[in-house]
Amino acid sequence: EMLRAALVVGMCWNAMAASGEELRRPSQHFQTNFVPSANLIKRKAQSHRKESMCGLRRAEMRLETGVGRRPSSVQMDQVELWMLDKKIQADGLEHVVLPKRYGDVRGVVAKRDLLPEETVIRLPRSAVLCVKGNEACPDPSLADFWDRYDKWYVRLGLKLLLEKRKGSKSAIWGYIRLLPDVDEVKNFPCEWDEELVEQLRCPSVITSVKKQQQVWREMVQEFPKLCPACDFSAEELRWSWHMCLSRAFAGQFGGGMLSMIPVVGLIFELLTSFSSNEDFALLPIIDSCNHDGRIIKTDLVFNPLMNELRLRNGQDTLKAGEEIRITYGSLDNDELMQRFGFVEDNCLHDKVTIGIDDIAEAMRVQGGSEGLQEKLLEAGLGAACLDELT
């Protein structure tokens with residue numbers, strides 16, 4: 001994207017210079033006149049990325065062997081007892097808290113050397129919390145809200161809150177113990193105030209975040225009206241939606257070995273219902289793995305014969321103490337920021353959109369985008385360049 005913009009700006013600059021009194025070779029125009037403008041655009045892009053950090057957790061940092069520490073022993077002992085009870089097999093893995101430059105991050109590391117494509121987690125279907133498109137509401141007191149807001153993450157979130165209220169009687173109580181607390185979702189842009197959202201410096205992301213805030217505000221306000229017998233708080237509702245949007249996988253259980261892929265397309269999910277042929281699930285232990293955009297795909301399949309999900313190591317050989325990662329999809333930093341609350345260093349899927357206004361500013365053209373278009377037309381390159389710019 002940056003190279004494409006550079007070429008377009010170079011064409012514009014050269015065309016305007018060629019129409020002036022002094023004529024120079026194209027290479028001179030590019031070298032002497034264009035480079036400062038390109039640097040200006042580069043600074044704008046870098047500024048956007050730095051502002052997007054906002055001190056949140058980062059995913060793309062190498063773990064050094066031995067630097068991770070385990071969560072509280074009491075908590076992990078309880079979780080491991082639950083894993084034994086549910087017959088979850090992940091003996092080669094360990095939950096740890098990883099120290100990063102922007103704060104501690106939860107993750108999963110290898111307890112022993114792991115080979116490429118080696119199965120690292122076997123998760124029984126009974127340990128998964130899932131919602132189907134045609135599923136009936138599990139609690140009559142929630143039926144009106146369930147029917148009105150038939151979005152997958154809303155329904156899965158309600159099921160998660162119902163399980164959370166059961167405490168140790170829940171089939172996924174150990175998994176719930178691993179989830180962030182209700183007050184730990186402030187890192188998501190949807191929870192920011194207007195001033196902080198504006199610091200994202202990216203119109204498309206700002207628009208998306210504000211739309212998410214609007215939709216969630218409406219649902220939170222309507223919940224007590226539609227479900228007067230239920231006392232889920234606004235904070236609990238928003239927590240459940242964040243957990244589902246940032247941790248759920250989409251696919252199908254049964255009918256063969258089908259890949260489960262992380263859900264994408266946040267705005268689409270916020271505004272539309274989901275079809276009855278899709279399942280959305282929270283996958284304990286698997287969703288504890290952090291993201292790495294360099295991984296081509298998450299090697300995760302459902303085996304209907306064994307009624308279990310299997311995750312294989314999609315990285316090179318891992319040494320004991322190295323972090324196990326999966327990919328959440330080919331997501332750029334804007335998508336990662338809004339949905340998961342972090343960005344990657346050197347994101348392979350990142351892109352920067354540069355519009356005609358940015359190019360006009362970089363070239364210091366009077367009259368902004370309209371002035372640039374006029375100069376292009378005067379230089380006889382209006383059609384060729386304007387098609388690229390618009």
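I started with the H8 and H9 crossing, and it is right-handed. (Left-handed means the near helix is turned anticlockwise from the far one by less than a right angle, right-handed means clockwise.) By class, I find eight nonpolar, two polar and two charged residues in this contact. (Ala, Val, Leu, Ile, Met, Phe, Trp, Tyr, Cys and Pro count as nonpolar, Asp, Glu, Lys and Arg as charged, and the others, Gly among them, as polar.) The model is predicted: local features need pLDDT of at least 70, side-chain atom pairs count only at pLDDT 80 or more, and totals for chains, interfaces and linings use all residues. Residues are numbered from 1 along each chain as its sequence is written, and side-chain values use heavy atoms, with hydrogens and water left out.

H8 covers residues 203-226 and H9 residues 234-247. (Helices are DSSP runs of H or I with at least four residues, numbered from the N terminus.) I read their axes as coming within 10 Å and crossing at roughly 135 degrees. (Axes are lines fitted to C-alpha atoms, for helices over the stretch in contact, and angles run from 0 to 180 degrees between N-to-C directions.) H8 and H9 are therefore oblique to each other. (Under 35 degrees is roughly parallel, over 145 roughly antiparallel, 65 to 115 roughly perpendicular, and the rest oblique.)

Which residues meet? From H8 I listed Gln212, Trp216, Arg217, Met219, Val220 and Phe223. From H9 I listed Ala234, Leu237, Arg238, Trp241, His242 and Leu245. (Contact means heavy atoms within 4.5 Å.)

I took His242 next, in helix H9. Its relative accessibility is 2%, so I count His242 as buried. (Buried is under 20% relative accessible area, exposed over 50%, partly exposed in between, with a 1.4 Å probe and protein chains only.) Not counting residues up to four places away in sequence, His242 touches Val185, Phe188, Cys190, Glu191 and Trp216.

Glu236 is also found in helix H9. Glu236 is buried too, with a relative accessible area of 15%. Beyond its neighbours within four places, I see Glu236 in contact with Leu161, Arg165, Val182 and Asp231.

**Helix H5**

I checked the length of H5, residues 152-166. Its 15 residues should span 21 Å, and the end C-alpha atoms are 22 Å apart, which agrees. (The expected span is 1.5 Å times one less than the number of residues.) H5 is mostly covered, with 12 of its 15 residues buried. Among them are Trp152, Arg155, Lys159 and Glu163. Gly167 follows H5 and has a positive phi, near 65 degrees.

H5 also packs on H8, at about 45 degrees with the axes 13 Å apart. H5 and H8 are therefore oblique, and H5 passes H8 in a right-handed crossing. Tyr153, Val154 and Leu158 of H5 meet Val215, Trp216, Met219 and Phe223 of H8. I count seven nonpolar, no polar and no charged residues there.

Phe188 is found in the loop between helix H6 (173-178) and helix H7 (194-198). At 8% relative accessibility, Phe188 counts as buried. Leaving aside neighbours within four places, I find Phe188 in contact with His242, Ser246, Gln338, Arg339, Phe340 and Gly341.

Gln338, Arg339 and Phe340 are among the buried residues of H11. Just after H11, Gly341 takes a positive phi of about 80 degrees.

Notes. Helices (H or I, at least four residues) and strands (E, at least two) are DSSP runs, numbered from the N terminus.
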